[in-house]
Amino acid sequence: MNDKTIIVNKDTDVWTLIDTKNLITFEEFKEQLIHYKTSISWIDKYGTKHYMYGKDPILNNKGEVDFEIATKIWRENDRKCYDWIRENKLDLLIKKNSSV
């Protein structure tokens with residue numbers, strides 16, 4: 001796997017070479033998520049709290065909460081959030097103590 005990635009800031013068109021060893025991985029990101037009863041949040045390296053998504057109840061045919069399907073959807077949402085941050089706000093995924 002290549003340890004370097006070229007990132008282009010869409011607003012300024014400035015190119016940056018990022019050492020991917022300094023990026024928070026998806027697994028690290030998932031561990032940092034804060035699970036509330038009805039939502040998921042994440043606090044970035046600057047201490048800013050971000051709302052990721054709501055945990056709406058998923059009901060089965062009997063009208064009961066289907067935790068199996070809900071868990072699958074929440075996992076997919078975790079990945080979508082990480083991918084969006086990586087593509088649009090990559091600086092938030094650079095580890096706090098890295099010198100990039």
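**Notebook: rings, charges and a surface patch**

I began with Val-65, which counts as partly exposed because its relative accessibility is 38% (buried is under 20%, exposed over 50%, partly exposed in between, with a 1.4 Å probe and protein chains only). I found Val-65 in the loop between β5 (49-54) and α2; helices (H or I, at least four residues) and strands (E, at least two) are DSSP runs numbered from the N terminus.

A note on what I am reading: this is a predicted model, where local features need pLDDT of at least 70, side-chain atom pairs count only at pLDDT 80 or more, and totals for chains, interfaces and linings use all residues. Residues are numbered from 1 along each chain as its sequence is written, and side-chain values use heavy atoms, without hydrogens and water.

Next I looked up the aromatic rings. How many aromatic pairs does the structure hold? I noted 3; rings of Phe, Tyr and Trp (its six-membered ring) pair if their centres lie within 6.5 Å, with planes under 30 degrees apart stacked, over 60 edge-to-face and the rest tilted. Phe-29 and Tyr-82 make a tilted pair, 5.5 Å centre to centre with 55° between the planes. Phe-29 is in helix α1 (residues 26-32) and Tyr-82 in helix α2 (residues 67-88), so their pair ties together parts 53 residues apart in sequence. I saw that both Phe-29 and Tyr-82 are buried. Phe-26, Phe-29, Trp-42 and Tyr-82 form one aromatic cluster.

Then I checked for charges over rings (NZ of Lys or CZ of Arg within 6 Å of the ring centre and within 35 degrees of the ring normal). The charged end of Arg-79 sits over the Phe-26 ring, 3.8 Å from its centre. Lys-55 has its charged end over the ring of Trp-74, 5.1 Å from the centre.
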